[in-house]
Amino acid sequence: MPRLFAGLELPPEVTDALARLKQPLPGARWIDPADFHITLRFFGDVEGRTATDLIEHLAAIDRPIFEVLVKGLGIFGSKEPTSIWAGVDASDHLINLQAATERAARLSGLKAETRNFRPHITLARLRKPRDEALARFLNHHGGFAAEPFFPARFVLYSAKPHVGGGPYVVDQVFPLQGGDWDDDDLAEWAEDA
């Protein structure tokens, strides 16, 4: 039974910039840069007719390309940190795309997501990190910012069943409107936006 989630891939220049943040940090298990992504909606272990319905509903999503900004670093878990993440600007376009993936899940018979959407890229999992080392890392790198990018598509990923974590595999691709534009078209569009 595949564990599925919808997400946005990162371009190589953003992945490379994030990968350069990796350093020895007690208690940190760094994510392989090949598995960096922005999760739109985690679906869980899905199979059979539900998976087929989900793919059909995701394919019906009709949203335009948009600019994605990756900036800032933070942690999840206030009393006991569990992960380091890079922030992603919660633009209206990103929120609308995420809401569309949530609708696709509900139309496919999956339960509603109970957590609020907080766009991010997980960089490392933490287990009993040293607070002072983690604070130094965040203080030094907290102002991180990558070049904006325009995703041409969102994808359906699969992960190891019942385990989570990578490596992740792209199972389906869903183009965004204008996703076939070339770089000159995107530059002109960004100037007009």
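This is a predicted model: local features need pLDDT of at least 70, side-chain atom pairs count only at pLDDT 80 or more; totals for chains, interfaces and linings use all residues.
Tutor: Let's start with the term pocket: on a 1 Å grid over the protein atoms alone, it is an open set of points where a 1.4 Å probe fits, with protein on both sides within 12 Å along at least five of seven lines, and its lining residues have an atom within 4 Å of a point. Residues are numbered from 1 along each chain. Local features need pLDDT of at least 70, side-chain atom pairs 80 or more, while totals for linings use all residues, and side-chain values use heavy atoms.

Student: Which residues are closest to the centre of the largest pocket?

Tutor: Thr-39, Arg-115, His-120, Thr-122 and Arg-125, out of 31 lining residues.

Student: What makes Phe-5 and Tyr-157 a stacked pair?

Tutor: Rings pair if their centres lie within 6.5 Å, and count as stacked under 30 degrees, edge-to-face over 60, tilted otherwise. Here the centres are 4.9 Å apart and the planes 20° apart, so stacked it is. Phe-5 and Tyr-157 sit 152 residues apart in the chain.

Student: Why is Phe-5 called buried?

Tutor: Buried means under 20% relative accessible area. Phe-5 has 4%, so it counts as buried, and Tyr-157, at 6%, does too.

Student: How do you know that Trp-30 and Phe-137 are edge-to-face?

Tutor: Their ring centres are 5.7 Å apart and their planes at 65°, so the pair passes both tests and is edge-to-face. Trp-30 and Phe-137 lie 107 residues apart, and both are buried.

Note on methods
Rings of Phe, Tyr and Trp (its six-membered ring) pair if their centres lie within 6.5 Å; planes under 30 degrees apart count as stacked, over 60 as edge-to-face and the rest as tilted. Helices (H or I, at least four residues) and strands (E, at least two) are DSSP runs, numbered from the N terminus. Buried means under 20% relative accessible area, exposed over 50%, partly exposed in between (1.4 Å probe, protein chains only).
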